[in-house]
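Please report on the structure shown here.

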Amino acid sequence: MPESLARFHAELILVNGSTGDPVLLIDYPDRDDAVLLDAGENGALSLEQLADLSVVLITHHHIDHFVGLDRIIRANMDRDKTLRIYGPPKTIEKVADRIRSYEFQFFPFQKIVIDVYEIHEDGFRVGRLDCGRKFPPPEIRDEARTGCVIFENETIQVEAVFAEHTVPCLSYAVIEKPGWFLNVDALRKSLLKPGSWIGDVLGLLREDAPNGTQVLIEGGSYPLATLRDKFFLKSLGARLAFVTDTLWNEASRSRLLSIAQRASVLYCDSFYAQGQLSQALKYHHMTASQAGELARLAKAEKLVLIHFAKRYAGKYDILVDEAREHFAKVTAQIP
């Protein structure tokens with residue numbers, strides 16, 4: 001049986017690397033329930049990838065975090081599903097305004113429902129945008145919430161806290177629950193093709209079915225134990241944290257630490273070098289040194305620096321080196 005591991009098992013795609021709009025796709029290839037962190041520029045993702053989304057987590061409404069919303073809506077217009085969008089106050093109004101700016105033909109097969117969850121300190125405001133009803137003004141309802149948890153399904157749990165930016169802004173943690181997950185790398189090296197058998201095997205593993213249970217794949221029959229050992233991993237559970245566009249100060253410290261605590265991977269705002277601390281304070285961003293300090297204090301396993309300012313083009317290593325002065329396991333995706 002494969003060893004249980006404490007790491008994130010989804011495919012993580014930092015869409016624009018560390019130097020562009022901070023957009024992160026969390027994708028489980030065996031199911032259509034991907035999660036997108038922030039709605040900035042996402043042209044590197046196909047419409048098919050965006051159509052797999054079940055949840056979009058928006059940190060705030062600055063253009064570099066929100067300009068890609070149109071492609072998300074376009075990719076999902078023909079789907080018969082409910083897409084959940086979470087964001088700070090005024091998210092319902094801003095999503096509804098974007099939708100109202102277009103003319104739609106409203107074909108009968110267009111049944112997308114978009115539930116927009118505005119996160120407030122004391123609860124949610126929820127607005128429903130229904131394509132099947134030709135997108136009338138959203139129906140608004142209020143919901144209570146307790147603690148930091150804002151969403152949960154059988155695979156993940158999502159937490160959110162308010163950051164300290166120039167506008168209302170959120171930081172998120174996505175917690176992968178313990179259980180069985182597809183080993184994507186192993187499947188890519190195999191002659192077997194992805195298909196419904198993946199979900200069948202996951203169901204059998206979660207039910208603790210006998211090792212000899214036969215699974216039909218492409219006309220062949222395979223014992224459950226063989227498929228389990230070759231293509232699946234058992235996770236102990238893992239945490240991913242996404243922190244961007246925030247001050248690192250007394251007001252934000254405890255909230256950011258709660259989100260990043262013992263994260264398997266922390267994606268963190270590193271807009272400035274420490275030499276531009278005055279700019280970071282003025283525009284409410286973190287320095288690379290502060291990102292390293294957060295990772296160290298949170299006892300994260302890995303730090304990925306994101307959202308580099310363009311002023312460092314050609315010398316992004318400055319930011320990586322500064323973060324490493326505080327935390328050893330630092331990476332960045334630099335073109």
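Beyond four places in sequence, Asn 76 touches Leu 50, Ala 51, Leu 53, Lys 81, Leu 83 and Ile 112. Contact here means heavy atoms within 4.5 Å. This is a predicted model: local features need pLDDT of at least 70 and side-chain atom pairs 80 or more, while totals for chains, interfaces and linings use all residues. Residues are numbered from 1 along each chain as its sequence is written, and side-chain values use heavy atoms, with hydrogens and water left out.

Asn 76 is in helix α3, residues 69-76. Its relative accessible area is 1%, so Asn 76 is buried (under 20%; exposed is over 50%, partly exposed in between; 1.4 Å probe, protein chains only). A side-chain polar atom of Asn 76 lies 2.8 Å from the backbone oxygen of Ile 72.

The structure holds 14 aromatic pairs. Rings of Phe, Tyr and Trp (its six-membered ring) pair if their centres lie within 6.5 Å; planes under 30 degrees apart are stacked, over 60 edge-to-face, the rest tilted. Two stacked pairs follow.

| Pair | Centres | Planes |
|---|---|---|
| Phe 107 and Phe 109 | 5.4 Å | 5° |
| Phe 308 and Tyr 316 | 5.4 Å | 25° |

Phe 107 is partly exposed at 37% relative accessibility, and Phe 109 is partly exposed at 45%. Phe 308 and Tyr 316 are buried. Ring pairs also link Tyr 86, Tyr 117, Phe 124 and Phe 151 into a cluster.

Conventions:
Helices (H or I, at least four residues) and strands (E, at least two) are DSSP runs, numbered from the N terminus. A polar contact is a pair of N or O atoms within 3.5 Å; within protein, one must be able to donate a hydrogen and the other to accept it, and residues adjacent in sequence count only if both atoms are side-chain atoms.
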